[in-house]
Amino acid sequence: MGNKGVILLKVAVFLACLGPLASLLWRYRADDLGANPIEVITRSTGSTTLVFLLLTLSITPLRKLSRQPWLIRFRRMLGLFAFFYGCLHFTTYIWLDQFFDWANMVKDVQKRPFITAGFTGFVLMIPLALTSTAWAVRTMGGRRWQWLHRLIYGSATAGVIHFLWLVKKDISEPLMYAGVLAVLLAYRLAAWGISARRERRVHLPESAS
Amino acid sequence: MLIKKPADIPSSEITDKRLYANRRQFILGASAAGAALAAGVAVRELSSPTQAAANEKLTFSKSQFSTSEKQTPFKDITNYNNYYEFGTDKYSPAGEAQRLKTRPWTVKVEGEVKKPKLLDIDAILKLAPLEERIYRLRCVEGWSMVIPWVGFPLSAFINQCEPTSKAKYVELTTLYDPKQMPGQRSGVLDWPYVEGLRMDEAMHPLAILAVGLYGEVLPNQDGAPLRLVVPWKYGFKSVKAIVKARFTEKQPLNTWNLAAPSEYGFYSNVNPQVDHPRWSQAKERRIGEFFKRDTLMFNGYGDQVARLYAGMDLRKNF
């Protein structure tokens, strides 16, 4: 795809990424958030965060399998939207749910495994968002930058565990997220395995001779 | 912002005695009316939640056990339901439960009783005069409501069952019919749903069988035609759409305890000091309110019920 096409598509994707927030605001205005609006807002911002984390993680496999290198140009935007919705989710918890009851929140993070997991997932996103600029990549060097950004595996895993641990009984929805994440991580393991073998093949003949 | 004030029920709207005497026909009509949802008065706006047809009015007296707290709007009580037989999502029972037929309906009485029998719902409705009981309801998930039930003491029903001296517990069971209750096709819980009470809990005057809500016949999503209400216990103890009462010598199993024994006990009394293993029970969000409020011991019914548990370790018997 040409540069112009990518830019146009980027604008469209950016607007689409605002969709979940727009829908929440719309429902709020229409008085359509149900009996427990705070619960709906918490749930919706939380699952949107997970969706964006998984979308971000699917860029690389999609790009490589489809041989469409331009797809990489959407990864940062999707990742930053994951962080954006994560911030909204976190703010919902601090403000709407707990209403700045800091003592209780500290207790929650220590005592409630699902909150600990969610908090971990959120914190792991912070360095990624901070080093998302081209300048950061240049300064850190591609290799180190890439190493740091593998934190997203931890963040997404923590996010899925957070969801799994919080539901009362029906784990079908969190399991869907877990399934998608498993596929995306398995792809990386496989890719890593293949490249490791290839490297060995390059080196082996020398040592064998 | 989000809450519309419920319409009060003026006394002028209370059914007169002549109609009350013919209430059987009325109730028959009620199920028809329920089915003919479209005939209902108010579909307020396109985006508004499901609004069931107006149900038949009931005749009842007021009760000294009622709280004067602000009642949760009808719209919220009938659109935000934990009723896994109609889906695990709280917003689906309002629609899904409309397929449940609440007539004909019988309740089987068995176990430690003089004689097993089958009671017809219309006979059960005449066991005792109906009362309005405005109770707090605290869900184990951390939210609460104030609900104007219409019902009668569970004790009146139990007396009718004639339990023997061996009966130490009563177990109540929800209908099992996956055709009418699509949620039962999934294995999320062991069906049918069962709950139990110790006899002295069941005979306590605060424990009621509810048949109505906001002065009208109980909507299906809230447990029609007959449900338990035990206001000092977490909501899941209050089993809905009851078809069986079994009296036992041994403590019966209850569905949520079976599903997660470390999280849900047999007693499940509302207790702010004993946390759910995964979340705190110290506070609750009253539906319609922004700030959380403190959860009260026995949901605020301690004066009446604390004596039932004198000497018991409520941490162990959660």
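Guide: This is a predicted model. In chain A, helix α6 (residues 113-130) and helix α9 (residues 151-166) pack at an angle of about 155°, and their axes are 8 Å apart.

Visitor: So how are α6(A) and α9(A) oriented to each other, roughly parallel or roughly antiparallel?

Guide: Angles over 145 degrees count as roughly antiparallel, and therefore α6(A) and α9(A) are roughly antiparallel to each other. The crossing of α6(A) past α9(A) is left-handed.

Visitor: Which residues of α6(A) and α9(A) meet?

Guide: On the α6(A) side they include A:F114, A:A117, A:G118, A:G121, A:L124 and A:L128. On the α9(A) side, A:L151, A:G154, A:S155, A:A158, A:G159 and A:W165 are among them.

Visitor: How many charged residues are in the contact of α6(A) with α9(A)?

Guide: None: this contact has 13 nonpolar, 7 polar and no charged residues.

Visitor: What about α3(A) and α4(A), at what angle do they pack?

Guide: Helix α3 (residues 37-66) and helix α4 (residues 75-97) of chain A pack at about 160°, with 8 Å between their axes. That angle makes α3(A) roughly antiparallel to α4(A). Here, α3(A) passes α4(A) in a left-handed crossing.

Visitor: And how do the residues of the contact of α3(A) with α4(A) divide?

Guide: There are 13 nonpolar, 10 polar and 2 charged residues in the contact of α3(A) with α4(A).

Visitor: Change of topic. In what order do the strands of the open sheet in chain B come?

Guide: The order is β2-β1-β10-β5-β6, 5 strands with mixed pairing.

Visitor: Which strands stand at the edges?

Guide: β2 (117-120) and β6 (194-198) of chain B do. Each has a single partner strand, so one side of each lacks a neighbour in the sheet. On average, neighbouring strands of this sheet are turned by 20° against each other, direction ignored.

Visitor: In what sense do β5 and β6(B) pair?

Guide: Antiparallel: β5 (residues 169-174) of chain B pairs with β6(B) over 5 bridges. Within that pair, B:T173 stands opposite B:V194 of β6(B).

Visitor: Last one, the two chains. How many residues does the contact take from chain B and from chain A?

Guide: Chain B gives 18 residues to the contact and chain A gives 17 residues. On the side of chain B that touches chain A, the residues divide into 11 nonpolar, 3 polar and 4 charged.

Key: Residues are numbered from 1 along each chain as its sequence is written. Chains are lettered from A and ligands numbered from 1 in the order in which they are written. This is a predicted model: local features need pLDDT of at least 70, side-chain atom pairs count only at pLDDT 80 or more; totals for chains, interfaces and linings use all residues. Two strands pair if DSSP finds at least two bridges between them. Helices (H or I, at least four residues) and strands (E, at least two) are DSSP runs, numbered from the N terminus. Axes are lines fitted to C-alpha atoms, for helices over the stretch in contact, and angles run from 0 to 180 degrees between N-to-C directions. Two residues are in contact if their C-beta atoms, placed from the backbone, lie within 7 Å. Ala, Val, Leu, Ile, Met, Phe, Trp, Tyr, Cys and Pro count as nonpolar, Asp, Glu, Lys and Arg as charged, and the others, Gly among them, as polar. Angles under 35 degrees count as roughly parallel, over 145 as roughly antiparallel, 65 to 115 as roughly perpendicular and the rest as oblique. A crossing is left-handed if the near helix is turned anticlockwise from the far one by less than a right angle, and right-handed if clockwise.
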